[in-house]
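This briefing covers a helix crossing and a set of aromatic contacts. Look at the model below before reading on.

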Amino acid sequence: MAVKKTRPTATARDKTPTEKKATALDVHASSGQMLSMPSQDRQRLIEEAAYYIAARRGFHGGDPVQDWIEAERQINRVLPSPKQQKEELAAYEKFRSELTTLLASLREGVNAENIQHAFDTALEKIHTAGLYAADTISKISDTTKKDMANLVAHMEPGWEKYSAKTTDLFEAWRDRGNSYIANAAAAVGEWSKQVGTKAERQVYRSGEVTYGGTLECNACKERLTLETAAHIPLCPACRNTEFHRIHATD
């Protein structure tokens, strides 16, 4: 994964990171290095995550087996194994390729309904290919909804100033005129509301795979630039797991 650290302004750097509750990830994850972790370290993270799950209910009741299963899910979301990462990245890129083609085919009368149809059709192709686990498909579906909701906030007349990377999934719409773009932006915004993802600044989390661009840590304002679609690492400065996307016009 090609990741570059982009330093924010001095003012942003001087801000104190928000305090976070101590977790296994805060203690053991190495700054900015998510992709490689020895199996024994991952096991220890799962053990500690299961401990915190039980601790939250005061160690009363519950099922240790279920605690362990939930702990595995938590660690796998933030620190996917190399095998998971390979599968998720392949599924993400395949899904987005299918979706981009279908969105490009929407010529006239773009609306929330035909956007949903394009999304469902692309997702069905990924399902029927039989190459990816259900959890992987669900994860890349959720992240792509987030990507689309985030992008719609920047769909406005004057799109010629945006690059292909900036417009991303909607690249095919760039040259269709301001009227088309305005209608398309409204349609994607309505679609986002219908699927429960508001067209506003979205929170991206470590372990999610997203397209290339710049992300800013919500805690310390450190910036990361993803050169290509990739999994988001922990913040290399403060180990925070939450980021927001910085667009070319921000």
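A crossing counts as right-handed if the near helix is turned clockwise from the far one by less than a right angle, and as left-handed if anticlockwise. The model is predicted. In it, α6 crosses α9 in the right-handed sense.

**Helix crossing**

- Two packed helices are described by the angle between their axes and the distance between the axes.
- Helix α6 spans residues 112–129, and helix α9 spans residues 178–194.
- Their axes come within 8 Å and cross at roughly 65 degrees.
- Angles of 65 to 115 degrees count as roughly perpendicular, so α6 is roughly perpendicular to α9.
- On the α6 side, A112, I115, Q116 and F119 make the contact.
- On the α9 side, the contact residues are A187, V188, E190, W191 and Q194.
- By type, the contact residues are 6 nonpolar, 2 polar and 1 charged.

**Aromatic pairs**

- The model has 5 aromatic pairs.
- Y51 and F59 form a tilted pair, 5.4 Å centre to centre, with 55 degrees between the planes.
- Y51 has 48% relative accessibility, so Y51 counts as partly exposed.
- F59, at 49%, also counts as partly exposed.
- F95 and F119 have ring centres 5.1 Å apart and planes at 80 degrees, so this pair is edge-to-face.
- That pair links distant parts of the chain: F95 lies in helix α5 (residues 82–104) and F119 in helix α6, 24 residues apart.
- Both F95 and F119 are buried.

**Aromatic cluster**

- Y51, Y52 and F59 belong to one aromatic cluster.

Technical notes. Residues are numbered from 1 along each chain as its sequence is written. This is a predicted model: local features need pLDDT of at least 70, side-chain atom pairs count only at pLDDT 80 or more; totals for chains, interfaces and linings use all residues. Side-chain values use heavy atoms; hydrogens and water are left out. Axes are lines fitted to C-alpha atoms, for helices over the stretch in contact, and angles run from 0 to 180 degrees between N-to-C directions. Helices (H or I, at least four residues) and strands (E, at least two) are DSSP runs, numbered from the N terminus. Angles under 35 degrees count as roughly parallel, over 145 as roughly antiparallel, 65 to 115 as roughly perpendicular and the rest as oblique. Contact means heavy atoms within 4.5 Å. Ala, Val, Leu, Ile, Met, Phe, Trp, Tyr, Cys and Pro count as nonpolar, Asp, Glu, Lys and Arg as charged, and the others, Gly among them, as polar. Rings of Phe, Tyr and Trp (its six-membered ring) pair if their centres lie within 6.5 Å; planes under 30 degrees apart count as stacked, over 60 as edge-to-face and the rest as tilted. Buried means under 20% relative accessible area, exposed over 50%, partly exposed in between (1.4 Å probe, protein chains only).
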